[in-house]
Amino acid sequence: MKLNTTFTVNIKEIYGKRGEVWLENLQEHLAHLCEKHHLVLISAMPNLSYHFVGLVKILATNETAVIKMSLENQYLENEVRCLQCFTAGVPKVYWFDVDEHAVLMEHLKPGYSLKELIKEGQDDLATQIICQEIKNLQSNQKPTYQFKHVSKLADSLSVLDQHVDSYLLSKAKSLFHDLTFDQSKDVILHGDLHHDNILASEQSWKAIDPHGYIGDPAFEVGSIIFNPYDCFPSHQPLLEIIKRRLKIMVRELPFAAQRIKAWAFCKTMLSVAWTYEDHGKIDEGELEIARIVDSMKL
C-alpha cells in the first residue's frame, strides 16, 4: 500500500518513534480491523495528511464506505462526537471503534472537494459555498457532547513568543479574549471548515474532518482565509483575494464585519502557531495573510 510523503512525514514529526512504529504496522492494523468488521480495503485515499483514510467495501451490503484510522483517539473521538451533533451537512457515522482508533463513515459521491473550484478559478463561488455550509451546520445541530471552548485555543499562541512580530501576536491574544468573553450565543463549531474539508455529495456539499469546539458562531470563518494550502489562487494579487473573500463573507453571513475580520486574523495567527508547534517553523505565507487581514478596511 502506497502512502503519500506528506502523511508519513507529518506522522513522524508529530509522534516521533511512536509514529514510525505505527506506520510500520499500519498494514497489519488495517487487516485486523477489516477482518473484525467484515470489510475489504479497496484503496488508501490520496493526499493523506494526519490520519489514514481509505475506501472500503462492507461485505454484508456490498456498499462502499470510508474508514478513518488514527494513532490515538484524542482527536478522532472528538471528530466523531462532533459529526454526531450535526443533523445535516455532514456524512453519516456507521460506527466508532474506540479500541482500534477507527471510524466508519458514509462514502460521499462524487466526493471531490471545494479545492477543485479554486483550481478552476472560481474562488468567489467556493467562498459562497463555505458560507452556506456555515449557516447549514449552525442551523442543524443538537448538542450531545461537551466540547472544548475556543477560548482555550488562545493558549497555543504563546509558542510564537519571540518568533513573530510582537504587535501581531499581542493583537491576536487581545482579540481572542474580546471575541470569546460573551459566551451567551455559543454554538457547536466544526472548527476547520475550509476547501479541503467540504466535499461534493450528490446535489449538495458536506463537511468532513471537524475539530469540534463550542464557541462564537463567527469563529467558523477563520479557516477560509488562508486555505487551501497547496493551491492558493494565483490569478489575482494576494491582497485582492483576501479582500474579496472577506467582502463575500460579510455579505453572506449574519455576523458583524469587524467580527469576521477579527476572527479571520486570529485563526490565521492560530494556524501559524499550530504549524510551529507541529513542525518547528513559521509559515511566512500565513503570517503575510495575517498582516493583510489586519491592515484591511471593511
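User: Which residue stands opposite V103 in β5?

Analyst: F96 stands opposite V103 in β5. Keep in mind that this is a predicted model.

User: What do β4 and β5 form together?

Analyst: A hairpin, with 4 residues between the two strands. H101 sits in the turn and has a positive phi of about 55°.

User: How many bridges join β3 to β5?

Analyst: 5 bridges. β3 spans residues 63-69, and the two strands run antiparallel. I67 is opposite L104 of β5.

User: Switching to helices. At what angle do α8 and α10 pack?

Analyst: About 60°, with the axes 10 Å apart. Helix α8 is residues 238-252 and helix α10 is residues 284-295. The angle makes α8 oblique to α10.

User: Is the crossing left-handed or right-handed?

Analyst: Right-handed, as α8 passes α10.

User: Which residues make the contact?

Analyst: From α8, L238, L239 and I242. From α10, E288, I289, I292 and V293.

User: How many of those contact residues are nonpolar, and how many charged?

Analyst: The contact of α8 with α10 has 6 nonpolar residues and 1 charged, with no polar ones.

Key: Residues numbered from 1 in each chain as written. Predicted model: local features only at pLDDT ≥ 70, side-chain atom pairs only at ≥ 80, totals over all residues. Heavy atoms only, no water. Axes fitted to C-alpha atoms, helices over the stretch in contact; angles between N-to-C directions. Parallel < 35°, antiparallel > 145°, perpendicular 65-115°, else oblique. Left-handed = near helix turned anticlockwise from the far one by under 90°. Contact = heavy atoms within 4.5 Å. Nonpolar A, V, L, I, M, F, W, Y, C, P; charged D, E, K, R; others polar. Pairing = 2+ DSSP bridges.
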